[in-house]
Amino acid sequence: MESLEEISEEEAPKGPRTSSFLSGKLTAKEILATKTQNYFAETKRTEDILMQVAFSIGLGSIWRFPYLCQRNGGGSFILMYFFMLLSFGIPLLYMEMIMGHWLRVDNIRVWKQLVPWLGGIGYASILVCILMSLYNSVIITWSLSYLANSFDNSLPWNQCPLVKTTNVTDLSCLRTVSHQYFWYHTTLSASGHIEEGVDALVLHLTLGIFAAWFLLFLTMITGLKISMQILIFSVFLLYIVLLCFLIRSLFLEGAVASLRRMVTTELSSWASLDLWRQAGGHVVYSLGLGLGTTINLSSKAGGNSYIQVASLVALVNLVTSLLLTSIIFIVLEFWATTSGHTCVEKSVSKLISLIKKGVLPQDAKPPEDILLLPALDYLDWISNLPQHLQYPVIHFSPSCSIMTQKDKFMEGPGLAFAAFSQAISLFPGASLWAILFFLALVIMGLSTLMSILEGIVCPLQTSFSLFRRYPKLLSVLICLGGFLGSLVFTSHAGSYIMSLFDDCLVPLTLIVIVAFQNVALAWIYGARRFREEMFSKLGHLLWSFFTFLWRYVTLPGLLALFTICLTQLHRRVPSYYIAWNSSMPLHHWWHLEDHIASDPFEKLQSKKMPLVPPKSLQYPRHQLVTSQKTDTECSSRKVNPPLIRRLNLSSLWRFSLPLSEYNQSSSWFSLPVISSLTSALSMRNASTPVSRQVSPASVTIDNSDKSRETQEEN
């Protein structure tokens with residue numbers, strides 16, 4: 001068969017010039033076609049990389065990494081996370097990418113082809129995707145709530161709200177920063193603990209969760225996707241806004257000290273098994289390992305350089321997490337340096353200025369010696385004012401915490417929302433910045449959730465003929481079930497349930513799934529056999545270093561993480577979550593087991609207070625409604641700072657301690673120590689369990705306060 005060039009030469013006039021011209025014309029067409037093909041292939045590859053990066057960022061970098069870093073000491077967690085990211089995060093991400101590219105099937109059929117008797121790995125991934133889709137939709141709802149409030153000219157989280165009725169909740173805004181108050185009181189309408197409010201839904205959160213799942217339903221049944229232009233816009237907009245936040249935050253008081261604290265590493269903290277568990281769990285979580293989403297995305301992607309893609313995704317994830325964490329640490333330090341006595345001085349100065357201008361009457365003037373007294377007395381003075389004076393005083397007080405605070409104001413998934421709302425307030429035209437930032441969060445959250453749902457829909461459609469015949473039926477079932485299942489997270493106690501899901505259940509399940517994947521590929525199917533198969537597919541051998549890691553590094557690491565997770569379920573100090581109380585905002589609940597104080601304030605308390613003999617401790621049964629775990633509750637004085645209540649839960653016992661009196665005053669964040677229980681515990685009837693709220697340990701104990709409490713007890 002003659003070539004096109006030969007046919008053209010026969011039909012054309014003879015002459016080297018004409019033949020060369022026609023030959024050159026055909027070559028130009030071929031070159032143009034090749035360039036076009038390469039362009040579309042490169043564009044598709046860029047889109048796949050961007051989708052993978054956006055999925056990883058939206059999954060855990062924005063809201064999960066900062067609070068884990070803050071909880072585990074900053075630099076120690078960052079160093080541990082970076083070590084685990086290199087040792088098994090990138091190798092396992094590369095393993096899932098190369099498997100999807102090799103077999104070109106979904107995450108269920110991948111394991112049925114490789115190891116048929118381990119085909120259940122794919123179904124386990126779908127179950128985890130369902131769990132993650134439930135509470136990730138609530139994060140979108142939180143972003144929608146903040147986005148809706150961003151359209152106000154005066155952002156509602158900038159100051160304490162004006163009181164309309166008489167209740168203690170409004171005074172609690174003075175005990176904490178207004179951004180934290182807005183998060184717990186306005187956004188979540190949070191209950192006092194996990195046992196309360198599960199059967200009552202928060203209206204605006206319920207409407208938000210309905211809107212999120214309805215958008216996802218429309219997207220699934222119409223076959224639409226978030227366009228690449230919108231995704232690129234949201235990703236780059238997010239980075240631009242974050243860089244602006246960082247630059248502005250660097251001019252805040254205590255910015256340098258906060259960054260120094262963030263990168264400070266104490267090697268002694270590496271002895272903590274909880275640090276290993278949370279760092280390793282977040283590596284698996286943030287990269288989406290074990291969800292099957294990476295396999296599904298890679299099965300449709302082009303290109304062969306997946307080691308570069310895996311490294312790029314991990315690097316962008318790490319840089320984004322550090323950028324977000326830097327801003328949050330600066331804001332936390334700013335809260336700490338402007339709280340306590342400094343906040344009282346600002347409040348008194350502002351009140352005197354308003355009195356001179358005639359805005360407030362003379363009766364609202366603070367006592368002359370108020371600045372010489374503890375901050376607690378300032379709150380007592382406000383609480384004793386007449387109601388017609390109390391309301392404006394609270395309203396005009398600055399948005400800082402009256403009580404003496406430590407560097408940690410709050411923890412949990414809401415830390416990012418409270419901190420970034422503070423960062424937004426620092427800009428002129430704050431409403432516009434808030435709209436841009438939370439709109440980017442909503443788009444990123446929807447994109448991430450769509451990727452998770454795709455990891456559910458595609459495998460089920462290929463595995464079950466019913467869903468292939470009726471594809472819309474599967475979309476209806478998933479979205480309806482997702483909406484109904486997410487309603488529990490929109491209750492007054494929903495954020496606590498979400499914290500337990502996120503901290504205890506999902507990371508452990510992902511570690512188990514990824515460990516089975518690693519065993520199936522590296523040992524059952526065989527890493528050497530897989531390397532040979534990939535050579536026939538790609539035309540070049542995989543780097544032998546990765547097969548070594550899969551066999552001798554990642555698998556032992558995953559098994560060690562799994563062992564640590566199981567050990568932590570039986571630890572002496574159990575898991576906890578953050579709880580809000582409207583009258584004494586944030587508290588810590590600890591289990592009956594002894595807790596070793598981690599700072600000198602707790603040690604000071606334990607020295608000043610008598611120990612309780614172990615014989616006086618009785619364990620009346622008390623079963624929790626939601627988690628079937630237990631807590632130890634400590635009592636507190638009536639006037640308390642805005643604290644985080646940690647309700648610590650035990651996975652083994654269903655007991656709670658009777659009442660234990662614990663005298664406290666100003667600094668609220670120190671953890672209450674069981675060894676600091678006073679002799680009042682031994683005076684209680686051991687057979688009657690009494691539940692009271694917790695306040696944190698104090699720096700100093702005022703003798704007058706102690707005597708006043710004794711009189712109240714009597």
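Thr320 has its place in helix H14. In this predicted model, Thr320 counts as buried because its relative accessibility is 1%, and buried means under 20%. A polar atom of the Thr320 side chain lies 2.7 Å from the backbone oxygen of Val316. When neighbours within four places in sequence are left aside, Thr320 is in contact with Ile57, Ser61 and Tyr239.

**Further residues of helix H14**

Helix H14 spans residues 306-337, and Ser326 lies in it. The relative accessible area of Ser326 is 11%, so this residue is buried. The side chain of Ser326 reaches the backbone oxygen of Leu322 at a distance of 2.7 Å. Apart from neighbours within four places in sequence, the residues in contact with Ser326 are Leu246, Leu259 and Met262.

Phe334 also has its place in helix H14. With a relative accessibility of 18%, Phe334 counts as buried, because the limit for that class is under 20%. Once neighbours within four places in sequence are set aside, Phe334 is in contact with Leu252, Glu253 and Gln422. Phe334 and Ser258 are 76 residues apart along the chain, and their C-alpha atoms are separated by 8.6 Å.

| Residue | Relative accessible area | Contacts beyond four places in sequence |
|---|---|---|
| Thr320 | 1% | Ile57, Ser61, Tyr239 |
| Ser326 | 11% | Leu246, Leu259, Met262 |
| Phe334 | 18% | Leu252, Glu253, Gln422 |
| Asn158 | 25% | Ser178, His179, Ser399, Ser425 |

Asn158 is found in the loop between helix H6 (120-149) and helix H7 (168-175). Asn158 is classed as partly exposed because its relative accessible area is 25%, which falls between the limits of 20% and 50%. The side chains of Asn158 and Ser425 make a polar contact at 2.4 Å. Asn158 and Leu426 stand 268 residues apart in sequence, with a C-alpha to C-alpha distance of 9.8 Å. The contacts of Asn158 include Ser178 and His179, and both of these are among the buried residues of H8.

Helix H8 covers residues 178-187 and is mostly covered, with eight of its 10 residues buried. Besides Ser178 and His179, the buried residues of H8 are Gln180, Tyr181, Phe182, Trp183, Tyr184 and Thr187. After H8 comes Ser189, which has a positive phi, near 50°.

**Aromatic rings**

Across the whole structure, a search finds 37 aromatic pairs. One of them joins Tyr378 and Trp381 in a tilted arrangement, at 5.7 Å centre to centre and 35° between the planes. Tyr378 and Trp381 both lie in helix H16 (residues 375-383), where they are three residues apart, about one turn of the helix. Tyr378 and Trp381 are both buried.

Ring pairs also link a cluster whose members are Trp142, Tyr146, Trp157, Phe182, Trp183, Phe245, Phe417, Phe420, Phe427, Trp433, Phe437 and Phe438. Of these members, Phe182 and Trp183 are also listed among the buried residues of H8.

The charged end of Arg529 sits over the ring of Tyr525, 4.0 Å from its centre. The charged end of Arg551 sits over the ring of Trp523, 4.8 Å from its centre.

**The chain as a whole**

The protein chain contains 27 helices and three strands. It has 714 residues, of which 56% count as buried. Among contacts with a separation of 6 or more, 84% are made by residues 24 or more positions apart. The chain exposes about 30000 Å², and carbon and sulfur atoms supply 63% of that area.

**Confidence of the prediction**

The mean pLDDT of the protein chain is 74, and 72% of its residues reach 70 or more. Over residues 1-25 the pLDDT is below 50, and this stretch has 11 contacts in the model beyond near neighbours in sequence. Residues 586-714 likewise have a pLDDT below 50, with 328 contacts in the model beyond near neighbours in sequence. Where pLDDT is low, the predicted coordinates should not be read in detail.

Conventions
Residues are numbered from 1 along each chain as its sequence is written. This is a predicted model: local features need pLDDT of at least 70, side-chain atom pairs count only at pLDDT 80 or more; totals for chains, interfaces and linings use all residues. Side-chain values use heavy atoms; hydrogens and water are left out. Rings of Phe, Tyr and Trp (its six-membered ring) pair if their centres lie within 6.5 Å; planes under 30 degrees apart count as stacked, over 60 as edge-to-face and the rest as tilted. Helices (H or I, at least four residues) and strands (E, at least two) are DSSP runs, numbered from the N terminus. Buried means under 20% relative accessible area, exposed over 50%, partly exposed in between (1.4 Å probe, protein chains only). A charge sits over a ring if NZ of Lys or CZ of Arg is within 6 Å of the ring centre and within 35 degrees of the ring normal. A polar contact is a pair of N or O atoms within 3.5 Å; within protein, one must be able to donate a hydrogen and the other to accept it, and residues adjacent in sequence count only if both atoms are side-chain atoms. Contact means heavy atoms within 4.5 Å. Accessible areas come from the Shrake-Rupley method with a 1.4 Å probe; for residues, only the protein chains shown count as cover. pLDDT is the predictor's confidence in each residue, from 0 to 100.
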